[in-house]
Amino acid sequence: MLEVFIGFTMDNPTMLASGILGVSGYTMRRVAKSGAGAIVTKSVGIQEREGNPGPVVLEEEFGLINSIGLSNPGYRKFLDEIRIAREGGKPIVVSLFGSSPEEFSEMINYLEGEADGFELNLSCPHVKGLGMEVSSDLELSEEIMGEARKNTRKPIFLKLGIKNYLELGKIAEEKKLDGVVAINTLPALRIDLEFKCPSLGGVRGGLSGPCLKPVALRCVYDLYSELDIKVIGVGGITSGEDALEFIMAGASAVQIGTGILYKGLEIFKEVENYLREYLRKEKCALEDLVGIANVG
Ligand SMILES: Cc1cc2nc3c(=O)[nH]c(=O)nc-3n(C[C@H](O)[C@H](O)[C@H](O)COP(=O)(O)O)c2cc1C
């Protein structure tokens, strides 16, 4: 009853968001076994990256600010982790970052056999020359999406930030991507008063968690009204009610990241059980609810 199709089938509409517990194959396998409908890996790139100096995460009243800096082992070494994650029996979406169409094609070609889909991270807000800085250039983004599409028939999703999200969403649709994911963290920063300097080692960070929810909902709502491809919602989901809000705004599936810190891995089952009970009471199917509150 909760099954959804977004290019592959998931037994329920919850997904692990990229970057949270998505580095180790064993941890991803555990998340899959805890009930997530699909797993999105940490974003990987061409080269191994150490990431930013600490502190890399600050806890705020209504969320987190992180400045991890896209640390990852590089796509070749990551293949083993994906293989282990697959043992969890859930679709694995590999999140990729890069700065040129060639880099994305190289990674997709290498990982294609083990991935159930790809998420193109053109939205990380705190790393120079990557993520949001790449998608500020709409022509380059278009080329990246076009090349990615040429290199795989597996589902491809574009991970959006707040910047140019509608323009980029429209390009994703034109380039025949399967869907868009909204949204990545918002640009953020804190100042350490004692040391008179930025609090994060990497200076600039990204804001996640409950404070992001209304912003993410607005993006999902707008994207659903404008596009005919799938919209996946992410940002501040910590309960079944939150997930349902995203679905009613237009999301076919939802991703959960920071919510895991508040509720543990049980959050996936909590959201699934809430939705199951809601559908039973309302005597409807999940797809009847997607975008039901979207009045354009
Ligand atoms: C510690 C941390 C690391 C993240 N790393 C990535 C990443 O590698 N790639 C990516 O696309 N998004 C990354 N994100 C963004 C999340 O996938 C998600 O879009 C965002 O946190 C909003 O969802 P949430 O409020 O449920 O966490 C990261 C978020 C956090 C908190």
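A residue is called buried here if 20 or more other C-beta atoms lie within 10 Å of its own. Keep that in mind for the views below, which come from a predicted model.

**View 1. Helix H7 and what covers it.** The buried residues of H7 are Lys213, Ala216, Leu217, Cys219, Val220, Tyr221, Leu223 and Tyr224. Among the elements covering them are strand E9, helix H6 (165-174) and E10, along with strand E15 (230-234) and helix H8 (240-249). How far apart are the end C-alpha atoms of H7? They are 20 Å apart, which agrees with the 20 Å that 14 residues (213-226) should span at 1.5 Å a residue.

**View 2. The barrel.** Eight strands close up here, in the order E3-E4-E7-E8-E9-E10-E15-E16, with parallel pairing. From one strand to the next, the twist averages 25°. Zoom in on E9 (residues 156-160) and E10 (residues 179-182) and you'll find four bridges in the parallel sense, with Lys159 standing opposite Val181 in E10. Helix H5 (residues 138-151) lies across E8 (117-121) and E9, and runs at about 165° to E8.

View 3. Strands in a sheet pair through backbone hydrogen bonds, either parallel or antiparallel. Which sense do E5 and E6 take? Strand E5 (residues 57-60) and strand E6 (residues 63-66) go antiparallel, over four bridges. The two form a hairpin with two residues between them, and Glu60 stands opposite Gly63 in E6.

**View 4. Around the ligand.** There are 28 residues around the ligand, and Ala17, Gly19, Ser208, Gly257 and Thr258 come nearest. Sorted by class, this shell has eleven nonpolar, 15 polar and two charged residues.

View 5. Most peptide bonds are trans, and most residues other than glycine have a negative phi. Now for some exceptions. A cis peptide bond joins Gly54 and Pro55, with omega about -5°; Pro55 sits in the loop between strand E4 (38-40) and E5. The bond from Ala182 to Ile183 is cis too, with omega near 10°, and Ile183 belongs to the loop between E10 and strand E11 (186-188).

**View 6. Two positive phi values.** Leu70 has phi near 55° and lies in the loop between E6 and helix H2 (75-86). Is Leu70 buried or exposed? It counts as buried because it has 20 C-beta neighbours inside 10 Å. Val203, with phi near 65°, is in the loop between strand E13 (197-198) and strand E14 (205-208). Val203 has 13 C-beta neighbours inside 10 Å, so it counts as partly exposed.

Key. Residues numbered from 1 in each chain as written. Predicted model: local features only at pLDDT ≥ 70, side-chain atom pairs only at ≥ 80, totals over all residues. Pairing = 2+ DSSP bridges. Axes fitted to C-alpha atoms, helices over the stretch in contact; angles between N-to-C directions. Contact = placed C-beta atoms within 7 Å. Expected span 1.5 Å × (residues − 1). Buried ≥ 20, exposed ≤ 12 C-beta atoms within 10 Å, placed from the backbone. Near = placed C-beta within 6 Å. Nonpolar A, V, L, I, M, F, W, Y, C, P; charged D, E, K, R; others polar.
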